[in-house]
Amino acid sequence: MNQTPEEAAITKLAVASFAATADPRLREIVQGLVRHVHAFAQETGLTEREWLAGIQFLTATGQMCDGLVRQEYILLSDVIGLSMLVDAINHRSDSLVTESTVFGPFYIEGMPERVYGENMAFTPGEPALLTGRVTDAEGQPLADAVLDIWQTASNGMYSGQDQRQPDSNLRGRYRTDAQGRYAIRTILPVSYPIPTDGPVGQLLAATGRHPWRPAHLHFKIEAAGHRTLVTHLFNHDDPYLDSDAVFGVKDSLRIAYTSVPGNDPVAQPFGIDGAVLHAHYDFVLPPVTCS
């Protein structure tokens with residue numbers, strides 16, 4: 001749709017109104033936002049009715065946020081690919097380290113500290129054991145690195161989201177030993193649908209998209225002198241790997257679980273009864289100086 005002189009003047013005036021913003025980065029962001037939002041309205045020929053529907057959608061999205069577990073705006077950012085775009089922009093030079101992915105809307109701070117190999121699962125599922133190391137880009141172990149982990153239960157829901165689960169179920173903060181090793185006992189992750197009872201679910205339904213995420217574990221890993229890594233580990237054979245509702249899958253983050261008996265050397269130190277599904281993954285963190 002061709003822009004009239006009056007429409008161009010409105011955009012120019014709105015952009016100029018922020019010219020005196022003292023913070024240059026804030027000025028750049030706000031003026032860029034104004035230009036792109038105006039361009040969107042111009043390109044689509046946005047009607048007054050559609051504009052009002054958009055305002056109502058954003059209002060309802062905010063009303064679904066509870067400040068604790070449910071964050072509908074993060075969910076919206078995820079399903080339109082914005083979260084992964086921001087992730088890609090901010091990790092362009094990290095080719096030698098573990099790839100990052102979306103944070104997601106279900107992280108809870110202050111989960112319990114867990115010892116090496118402790119079981120964080122208090123609900124039923126297939127027993128699983130994840131082991132590996134955390135190192136720097138040169139392969140040197142990072143001792144006392146913190147792995148903050150969360151995942152859904154077998155019903156596809158996170159603690160906090162599902163009031164029937166203990167608050168700390170399938171959540172915990174593990175630390176690496178002097179050799180940078182970690183060990184986590186849990187249950188096998190399952191694929192699950194993102195919440196569809198709010199505006200984001202209505203958007204997916206209206207556009208014919210499914211809400212499913214492939215099975216995964218969430219990680220937030222911190223070590224002194226290194227950038228925090230936010231990532232997932234995905235079950236390598238999940239049917240939703242190629243159509244993740246939030247576009248978060250990366251090939252380097254796929255892991256395969258294999259069944260080992262309880263007396264296997266990898267499982268024996270943890271006193272596991274019977275067979276357990278085991279996977280191994282080594283995380284590599286970038287130094288703080290990486291851009």
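## What you're looking at

This is a predicted model, where local features need pLDDT of at least 70, side-chain atom pairs count only at pLDDT 80 or more, and totals for chains, interfaces and linings use all residues. Residues are numbered from 1 along each chain as its sequence is written, and side-chain values use heavy atoms, with hydrogens and water left out.

## Helix 4 and its partners

Helices here are DSSP runs (H or I, at least four residues), strands are E runs of at least two, and both are numbered from the N terminus. Helix 3 (residues 48-63) and helix 4 (residues 72-79) have axes that come within 7 Å and cross at roughly 125°. Axes are lines fitted to C-alpha atoms, for helices over the stretch in contact, with angles running from 0 to 180 degrees between N-to-C directions. In contact terms (heavy atoms within 4.5 Å), Phe 57, Leu 58, Thr 61 and Gly 62 of helix 3 meet Glu 72, Tyr 73 and Leu 76 of helix 4.

Now for helix 6 (residues 199-206): its axis and that of helix 4 come within 9 Å and cross at roughly 25°, so helix 4 and helix 6 are roughly parallel. Helix 4 brings Glu 72, Leu 75, Leu 76 and Val 79 to this contact, while helix 6 brings Pro 199, Val 200, Leu 203 and Leu 204.

Arg 70 sits in the loop between helix 3 and helix 4. With a relative accessible area of 14%, Arg 70 is buried (under 20%; exposed is over 50%, partly exposed in between, using a 1.4 Å probe and protein chains only).

The Arg 70 side chain makes polar contacts with the side chains of Glu 72 at 2.8 Å and Asp 197 at 2.9 Å. A polar contact is a pair of N or O atoms within 3.5 Å; within protein, one must be able to donate a hydrogen and the other to accept it, and residues adjacent in sequence count only if both atoms are side-chain atoms.

## Thr 176, in another loop

Thr 176 lies in the loop between strand 4 (171-175) and strand 5 (181-187). Thr 176 counts as buried, at 6% relative accessibility. A polar atom of the Thr 176 side chain lies 2.9 Å from the backbone nitrogen of Asp 144 and one lies 2.8 Å from that of Ala 145.

Technical notes
Angles under 35 degrees count as roughly parallel, over 145 as roughly antiparallel, 65 to 115 as roughly perpendicular and the rest as oblique.
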